Amino acid sequence: MSEYERSRTMPALSEHVFDQAGDVNWLGSWLPQELHVRAERLPAVTVHEDRTGQDEPALFRTRAGEMRLEWGTREGGAYTGWLQVAGTGAGASEVTVHLSFADERHDPGEEVVLTALERSLERLEEQVRLRVEGAG
């Protein structure tokens, strides 16, 4: 099993970050660019990966009370992940994203995954910034 994790501090309230990250209609704005999520009947979603050209049935759950998102493939649990948002005070939040690959065939490798996680957190921060500035 391979596991990867990255964290980032964002200058926004945890509620704003969680709302942006958990909106299934906006997942494509911050997820790795080679992944595309199509919502079906939540928690069911379909994930398309450009690298393989395949669609995978998956689940996406929002745990608002815990400020946590969880996702993973439906069949065999080959891939799972979560995103946790925590307030750090002074209007900032700490966002941690974690990926687990139980099936090594789905793991694109450490460098690829860690780069994708960093870019995803950067994009999420940008989306949150745009949302907060637009509301203010």
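**Close-up views of a predicted model**

Gly 28 is exposed, with a relative accessible area of 63%. Here exposed means over 50% relative accessible area, buried means under 20%, and partly exposed lies in between (1.4 Å probe, protein chains only). This is a predicted model: local features need pLDDT of at least 70, side-chain atom pairs count only at pLDDT 80 or more, and totals for chains, interfaces and linings use all residues. Residues are numbered from 1 along each chain as its sequence is written, and side-chain values use heavy atoms, with hydrogens and water left out.

**View 1. Gly 28 sits in the loop between H1 and S2.** Helices (H or I, at least four residues) and strands (E, at least two) are DSSP runs, numbered from the N terminus. Gly 28 and Val 112 are 84 residues apart in sequence. In space, their C-alpha atoms are 18 Å apart.

View 2. The score is pLDDT, the predictor's confidence in each residue, from 0 to 100. The chain has a mean pLDDT of 87. Of its residues, 96% reach 70 or more.

**View 3. The largest pocket has a volume of about 590 Å³.** Its lining has 29 residues, and the closest to the pocket centre are Pro 32, Leu 35, Val 47, Tyr 79 and Phe 101. The search runs on a 1 Å grid over the protein atoms alone. A cavity is a set of points where a 1.4 Å probe fits but cannot get out. A pocket is an open set with protein on both sides within 12 Å along at least five of seven lines. Lining residues have an atom within 4 Å of a point. Grid points are joined across faces, edges and corners, and a volume is the space filled by probe spheres set on the points.

**View 4. H2 gives the most to the lining of the largest pocket, with five residues.** Several elements each supply at least two lining residues, among them strand S2 (35–39), strand S3 (44–49) and helix H2 (110–135). By class, the lining has 21 nonpolar, four polar and four charged residues. Ala, Val, Leu, Ile, Met, Phe, Trp, Tyr, Cys and Pro count as nonpolar; Asp, Glu, Lys and Arg count as charged; the others, Gly among them, count as polar.

**View 5. The largest nonpolar core has 31 residues.** Those with the most contacts inside it are Val 17, Trp 30, Leu 69, Trp 71, Leu 83, Val 95 and Leu 124. S1, H1, S3, S4, S5, strand S6 (79–89), S7 and H2 each supply at least two residues of this core. H2 brings the largest share, six residues. Such a core is a set of buried Ala, Val, Leu, Ile, Met, Phe, Trp, Tyr and Cys residues joined through side-chain atoms within 4.5 Å. In soluble globular proteins, nonpolar side chains tend to be buried together.

**View 6. Phe 60 lies in strand S4.** At 7% relative accessibility, Phe 60 is buried. Leaving aside neighbours within four places in sequence, Phe 60 is in contact (heavy atoms within 4.5 Å) with residues including Ala 21, Leu 27, Val 45, Leu 69 and Trp 71. Glu 126 is 66 residues from Phe 60 along the chain, and their C-alpha atoms are separated by 22 Å.

**View 7. Val 85 lies in strand S6, and Ser 14 in helix H1 (residues 14–22).** Both are buried: Val 85 has a relative accessible area of 3%, and Ser 14 has 9%. Not counting residues up to four places away in sequence, Val 85 touches Ser 14, Val 17, Phe 18, Met 67, Ser 93, Glu 94 and Val 95.

**View 8. Met 67 is in the loop between S4 and S5.** Met 67 counts as buried, at 16% relative accessibility. Its phi is near 55°, a positive value in a residue other than glycine.

**View 9. Ala 90 and Gly 91 are in the loop between S6 and S7.** Ala 90 is exposed, with a relative accessible area of 91%. Gly 91 is partly exposed, at 31%. Phi of Ala 90 is near 55°, a positive value in a residue other than glycine. The C-alpha atoms of Gly 91 and Ala 12 are separated by 5.3 Å, though these residues are 79 apart along the chain.
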